[in-house]
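Please keep the sequence and the structure at hand while reading.

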Amino acid sequence: MKDLAADLDRRRAEHLYRHRRVLDGVQGPVLRVDGRELVAFCSNDYLGLAADPRLVEAMQRGAARYGAGSGAAHLVSGHSAAHHALEEELAAFVQRPRALLFSTGYMANLGVLSALLGRGDKVLEDRLNHASLLDGGLLSGARLRRYAHGDADAAAFALAESRGETLLATDGVFSMDGDLAPLPGLAAACTRHVAWLMVDDAHGLGVIGEGGRGSVSHFGLGLDDVPILMGTLGKAFGSFGAFVAGSQDLVETLIQRARPYIYTTASPPAVAEATREALRIVQAEEWRRERLRALVGRFRAGVQALGLPLGDSPTPIQPVLLGESARALRWSEALERHGLLVTAIRPPTVPTGGARLRVTLSAAHSEAQVDRLVDALAAIVRDERP
Ligand SMILES: *Cc1c(COP(=O)(O)O)cnc(C)c1O
């Protein structure tokens, strides 16, 4: 039996220890955390929908009609009219024949990769892909190979060497860096080598692309280029859950074979009703994306004026790169003393030496709140000078 206490002590010494904060009240720019009010720049609630009264009301109506729980898995007796309608609306949104709901994005990624691949197959992944894509690749039993981040040439090279069934999986928008995957180059390489291309667009859907249709749409690509699209509903959509969209045959195959779909309870139908309302708002309220873009521009200009290194990100994920874990932690603590909540992201979530403040912006932030963050960073820069 391994010594858990010693392992925990080591994590503490390496500044890698993680703990949870207790929130009271709704998700939003101002959080009540451990009894204190902080302006937060760390949620994935990019459009400010998580606490929207229209979603809350849709969920309440859903609960009144369907109850609190779904009661069973989708293939048993848990697939409600609310889930079914949401699947049809999501498919129409991303302009694909079918969509299939999963309880979480983590499970959707495990489900797709383990359903489509097995021993003797190959899966290629960007080095900075989300943990769930990497874990799905491992679970599938296929040979997993990682290529250099954002490098379509490296991916094409790996594809050329690959025999048999191959799937290339990438984040559309990278969750810790906010940059976009080179989807046109990846799609061309996958077409040339007859490989599946799967895009996890957890951070792109609702935020970029025409009408918020995400990174695939942003690059003018479609079903033929990217046959497998995964999206999550707990980020820009402000709700919970995930889906996979593609051809009829893809979705039917997942229903038959994806174990994380088959062997789990369907999410509450009331959640699906809230997501349906979110989907309507995401499409109708373009101003949320415009506002987000304006806030991103304001933040970047402010931070660049301070001479701090920012990632090359056009999205609401704006990493301030600080290098060492201890430094990132120190800055995060200093921001908290200024009444601001920004998480320090450390290895193993990011590569060694890549510790950062992961600032995320939301359409719900005010310009004054963004300015307050930039001012606090300026004060920390001044204090750090010898
Ligand atoms: C958040 C996230 C997931 C997991 O989605 P959940 O619904 O939270 O389980 C998968 N992929 C990426 C890129 C993510 O950021």
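## Salt bridges in the model

In this predicted model, the number of salt bridges comes to 20. Side chains of opposite charge can pair when their charged atoms come close, and the pairs described below are set out with their distances, their places in the chain and their accessibility.

## A pair within helix α2

Arg 61 is joined to Glu 57 by a salt bridge in which the closest N and O atoms are 3.5 Å apart. Both residues belong to helix α2, which covers residues 53-66, and they are separated by four residues, about one turn of the helix. Arg 61 counts as partly exposed because its relative accessibility is 47%, and Glu 57 likewise counts as partly exposed because its value is 42%.

## A pair between a loop and a strand

Glu 161 forms a salt bridge with Arg 145, with 2.7 Å between the closest N and O atoms. This pair links distant parts of the chain, since Glu 161 lies in the loop between α7 (152-160) and β7 (166-171), whereas Arg 145 lies in strand β6 (residues 143-147), 16 residues apart.

With a relative accessibility of 43%, Glu 161 is therefore classed as partly exposed, and Arg 145, at 29%, is therefore classed as partly exposed too.

## A buried pair and its network

The side chains of Glu 285 and Arg 288 meet in a salt bridge with an N to O distance of 2.7 Å, and both Glu 285 and Arg 288 are buried. These two residues also take part in a network of salt bridges that links them with Asp 52 and Arg 54.

How values were computed:
Residues numbered from 1 in each chain as written. Predicted model: local features only at pLDDT ≥ 70, side-chain atom pairs only at ≥ 80, totals over all residues. Heavy atoms only, no water. Salt bridge = Lys/Arg side-chain N within 4 Å of Asp/Glu carboxyl O. Helix = DSSP H or I, 4+ residues; strand = E, 2+ residues; numbered from the N terminus. Buried < 20%, exposed > 50% of the residue type's maximum accessible area, 1.4 Å probe, protein only.
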